Amino acid sequence: MKLNIGANIRRLRREANLTQEELGRELDVSPQAISRWENGSAYPDIEFLPTLAKYFGMTVDRLMGYDADGDNAYAMDLLREFVEEGRRETPDVERVIAIIREMRRDHLSHFDGGFWWAARDFYRLPGVLPELRKTAEAILTKSTDKLLREAVIYHMSVYEDDEHIGAFMDAHAAIFDLMYQSLYRRRYRLRDEKEQAEVFRQLYFREVIDDLLRYAFLRGDRELSAEEHLRVNTLQLGLLNRLCGAEAPAEHIISGDGVVGEWSAARVWLGILRAGHLASTGDTEGAFAALEDTLSLLEKIVQHVETVGAEVQIRCGWLDKAQYRVSLPDFYHDGRRRLGEGWEIGPCAIGAPTCDVHGMLTSDEESLRWLEPIRNDPRYRTYVERVEAILWNGESQDTSQCAVGGANA
């Protein structure tokens, strides 16, 4: 029988993304020796075969290419026995551990998704979780099978204990774009740990709402007219008012019921965009009414920060585990002050994007030219000055680069 050891070594090395030099360093042999093994001009010393087989996580027979069909059949028998143990009223823990160890030693590539799904019946049993942890690390270290690695992360994010879960998630949750928060939410739900599950449910809920407040998320690749932009804006502001329980008349759709609460910076941002969309549709008076409502809200926010503090009460009943802060960050390098906000839900703190109110009103960027139809109206300059007074306490700033009211100074 022809030995396949050279071809197997080459295949296993490439699957592990190793060069001949790197594998040589791992095994303490020369890269020339690796090359001779792979091209069939020489074979590893018989006494070295167990070391080589152990490194690749398989038996010597399998490394040499003997009886691959029989090896696969035996591994499948072990998997079936593992699953059957899970169906017993009282599983044989020692046998379960023995199966995991044997498969990890001789059949690492056979730990498919079915195995990890079946492990839900065992991970709480004494001594099983450490074996699953060792197996997971072996696969995540050696395997190049994307689906297998995803299955390991997906299931171990549930099975791992509280002592080790943080390090596991930090090390592996970003692999293949698996969502950190989503894995945590699933973990606590399946473990029936309701309080922690609720924290991550609220975190996910907040992210969904934030997505709905992004124009790009709603419009996709479509180009929208000014009228369509306005409808999207109305939907977004209406959503915030409903979530906060605000009975907002049409003329105060931006500020809602006037109470400073969550999504404050988002409301101001959406309010300026609304003014631009109204201006672009030819509704000049509607645009100035939107600016008035927006700046009235901005004034209330600043007053709240100065008299009460940064933290505001969460009004949305679905976010009762959250804390919300609104702030006025110090001057940026361009001489502007932003309106900022931040969320904290359970163990997670999230810094939300800041809103550069003055920059939105004065920028000549293409994306902010919706306000162009009203910039030459004398009233527009008064609103810009009002923002400067609100955010800068009346201090004059260098606005020489800003095109406002048809002037560059």
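R386 is partly exposed, with a relative accessible area of 21%. "Partly exposed" covers the range between buried (under 20% relative accessible area) and exposed (over 50%), with a 1.4 Å probe and protein chains only. The side chain of R386 meets that of E292 in a salt bridge, 2.8 Å from N to O. A salt bridge here is a side-chain nitrogen of Lys or Arg within 4 Å of a carboxyl oxygen of Asp or Glu. R386 lies in helix 19 and E292 in helix 17, so the pair ties together parts 94 residues apart in sequence. E292 is partly exposed too, at 31% relative accessible area.

The model is predicted: local features need pLDDT of at least 70, side-chain atom pairs count only at pLDDT 80 or more, and totals for chains, interfaces and linings use all residues. Residues are numbered from 1 along each chain as its sequence is written, and side-chain values use heavy atoms, with hydrogens and water left out.

**The chain as a whole**

The chain has 19 helices and 4 strands. These are DSSP runs numbered from the N terminus: helices are H or I with at least four residues, strands are E with at least two. Of the 409 residues, 47% are buried. The accessible surface comes to about 21000 Å². Carbon and sulfur atoms hold 49% of that surface. Areas come from the Shrake-Rupley method with a 1.4 Å probe; for residues, only the protein chains shown count as cover. Among contacts with a separation of 6 or more, 61% join residues 24 or more positions apart. Contact means heavy atoms within 4.5 Å.

**Salt bridges**

Side chains of opposite charge can pair when their charged atoms come close. The structure holds 23 salt bridges. Three of them are tabulated here.

| Salt bridge | N to O distance |
|---|---|
| R88 and E85 | 3.2 Å |
| R315 and D257 | 2.5 Å |
| R386 and E292 | 2.8 Å |

R315 and D257 link distant parts of the chain, 58 residues apart. R315 is in the loop between strand 1 (311–312) and strand 2, and D257 in the loop between helix 15 and helix 16. R315 counts as partly exposed at 27% relative accessibility. D257 counts as partly exposed at 34%. E85, the partner of R88, counts as buried at 5% relative accessibility. Elsewhere, R101, R104 and E131 are linked in a network of salt bridges.

**Nonpolar cores**

A nonpolar core is a set of buried Ala, Val, Leu, Ile, Met, Phe, Trp, Tyr and Cys residues joined through side-chain atoms within 4.5 Å. The largest has 53 residues. Which residues have the most contacts inside it? They are W263 and L339. Helices giving two or more residues to this core include helix 13 (194–212), helix 15 (226–243), helix 16 (264–280) and helix 17 (284–307). Strand 2 (322–327), strand 3 (339–345), helix 18 (357–362) and helix 19 (378–392) also give two or more. A second, separate core has 40 residues, including I100, W116, L129 and Y188.

Helix 12 spans residues 180–190, and its buried residues are L183, Y184, R186, R187 and Y188. What do these buried residues pack against? Their partners are helix 8, helix 10 (146–159), helix 11 (162–172) and helix 13. After helix 12 comes D192, whose phi is positive, near 60°.

H304 is found in helix 17. At 16% relative accessibility, H304 counts as buried. Leaving aside neighbours within four places in sequence, H304 is in contact with V260, G309, E311 and V312.

**Aromatic rings**

The structure holds 11 aromatic pairs. Rings of Phe, Tyr and Trp (its six-membered ring) pair if their centres lie within 6.5 Å; planes under 30 degrees apart count as stacked, over 60 as edge-to-face and the rest as tilted. Together with F115 and W116, F82 and F122 form one aromatic cluster.

Charges also sit over rings. The test is NZ of Lys or CZ of Arg within 6 Å of the ring centre and within 35 degrees of the ring normal. K142 lies over the face of Y55, 5.8 Å from the ring centre. The charged end of R185 sits over the ring of Y204, 4.0 Å from its centre.
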